[in-house]
Amino acid sequence: MHVSVVGSGYVGTTVAACLADLGHDVVAIDIDEAVVDAINAGDSPIHEPGLDDRIERTAGERLRATTDYAALPETDVTFLAIQTPSNPDGSIDTSALEAASEMTGDALASPPEVDGSRSVDDHVVVVKSTVVPGVVTERLKPRLQAEAGDAVSVAANPEFQREGSAVADFLDPDKLVFGTEDGDERALAALHEVYAPVVERADGDVPVVETDVPTAMMTKYANNAFLASKVSLINDLGNACKEFGIDTYEVADAIGLDDRIGEKFLRSGLGWGGSCFPKDVAAIIHAAKEAGYDPAMLEAAVEINDRQPERMLGLLEEHVDVDGARVAVLGLAFKPGTDDVRNSRAIPVIEGLRERGADVVAYDPVATENMHEHYPDLEYADSAVEALDSADAALVTTGWDEFEALDDEFDAMRQRVVVDGRRSVEPRDGMTYEGLTW
């Protein structure tokens, strides 16, 4: 198929590159010329495992990028993958998505001349962006169909891609969710055709949920809210286990054997961050309250998550006079496998250390540049060992594999106080070790 993807962030770039790699002809639209130039040069504008190779082998052939919305009428399906960041009250800011929808609608209504005529028939616009129920039909559809009318079908296809494994999640999904209006056969057929290579890769073993647009969007929010709450619950249990001297991970291994619970998302520690969980949980809390419902359990999940950095700092204070101490913060990305520092748990940890008068040195294998935009005056090390040099204590805030390998550099850890928020370091003689929830 001929596919266009509007927005080249984490979601849009992954979708565009993977669809091109699966055999579709794809054009990526983005207002950032640097992003467009990178994709056309065969380079990934973001750090995501497996993405570089796919862009490199498809760029200039089945994948191209442009800033010009005039490319849209040349395609059969357009995916809108524009970010919807949080407002201060927790609601989502849809202004950029609405603007992109309006430009998409205008472009589809004014296609270039082909054989002396101008028309777009049977174009399907698929909202990939995460928006609360009602936004697609009330705010986006009127802009998409303002000029082109029913020639444009509007559908929703929420993404379930995790940063650090977005490519694998797209190519091997747990499910596909197709939201259409009144069972729009044209939109459903287009979505099935777009994803046919994905389904074929799995020998047809991919559940496909066909539903309406609001339900599709709510499924995305419910998915992330449930997972975030599961992490907060195991952290709450972990905090209690710590008080009893119990290893939460042993408890988690045992309860994970219950198939009603499952083993995933039971790694207790510093909590969740990133671009999805905080934004999506805040958005559904705000939307529920506007609708007249108080989601107490979701609010508790957020409260527990927000407390974990303070618990880590409290454990540090049991062993070190933090005022004037040199403290290494190991890990700046919100999770391993990505350079994304949005809502990273390292941020409140760094803030807390500075408030307590600590001398902070930080290290991350890939996220230093992005964190430097938040803290340009922070000291950054080129390696974990360098960060540990002359440090009085270390806080492990991201679970990178290389931190587990610090056993090989144990001299750098010896006589250090280590507070581990991700169960990444093995306690050894000569180290004062505290696990956050174990």
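These are my notebook entries on a few spots I looked up in this structure.

**Ground rules.** I am working with a predicted model, where local features need pLDDT of at least 70, side-chain atom pairs count only at pLDDT 80 or more, and totals for chains, interfaces and linings use all residues. Residues are numbered from 1 along each chain as its sequence is written, and side-chain values use heavy atoms, with hydrogens and water left out.

**Helix α5.** I started with α5, residues 135-144. Helices here are DSSP runs of H or I with at least four residues, strands are runs of E with at least two, and both are numbered from the N terminus. I found Val135, Val136, Leu140 and Leu144 buried (buried is under 20% relative accessible area, exposed over 50%, partly exposed in between, with a 1.4 Å probe and protein chains only). Looking down the axis of α5, I see its buried residues within an arc of 70°, so they line one face of the helix. That arc is taken from the directions from the helix axis to the C-beta atoms. What covers them? I noted that the cover on the buried residues of α5 includes β4 (77-80), α4 (95-109), β5 (123-127), β6 (152-156) and α8 (213-243).

**Asn224.** From there I went to α8, where Asn224 sits. Asn224 has 6% relative accessibility and so counts as buried. Leaving out residues up to four places away in sequence, I listed Cys276, Phe277, Asp280 and Val281 as what Asn224 touches (contact means heavy atoms within 4.5 Å).

**Aromatic pairs.** How many aromatic pairs does the structure hold? I got six. Rings of Phe, Tyr and Trp (its six-membered ring) pair if their centres lie within 6.5 Å; planes under 30 degrees apart are stacked, over 60 edge-to-face, and the rest tilted. Phe265 and Phe277 make a tilted pair, 6.3 Å centre to centre with 35° between the planes. Phe265 is in the loop between α9 (248-255) and α10 and Phe277 is in helix α10, so this pair ties together parts 12 residues apart in sequence. Phe265 comes out as partly exposed because its relative accessibility is 30%, while Phe277, at 13%, counts as buried. Phe277 also pairs with Trp272, this time edge-to-face, at 6.2 Å centre to centre and 75° between the planes. I found both Trp272 and Phe277 buried. Elsewhere, Phe170, Phe178 and Tyr195 form one aromatic cluster.

**Positive phi.** I went back to Phe265, as it has a positive phi of about 60° although it is not a glycine. Arg423 also has a positive phi, near 50°. I placed Arg423 in the loop between β13 (417-420) and β14 (432-435), and it is partly exposed at 29% relative accessible area.

**Asp43.** Where is Asp43? I found it in the loop between α2 (33-40) and α3 (51-58). Asp43 counts as partly exposed, at 43% relative accessibility. Setting aside its neighbours within four places in sequence, I see Asp43 in contact with Ala38 and Ile55. I also checked Asp43 against Val341: they are 298 residues apart in sequence and 21 Å apart in space, C-alpha to C-alpha.
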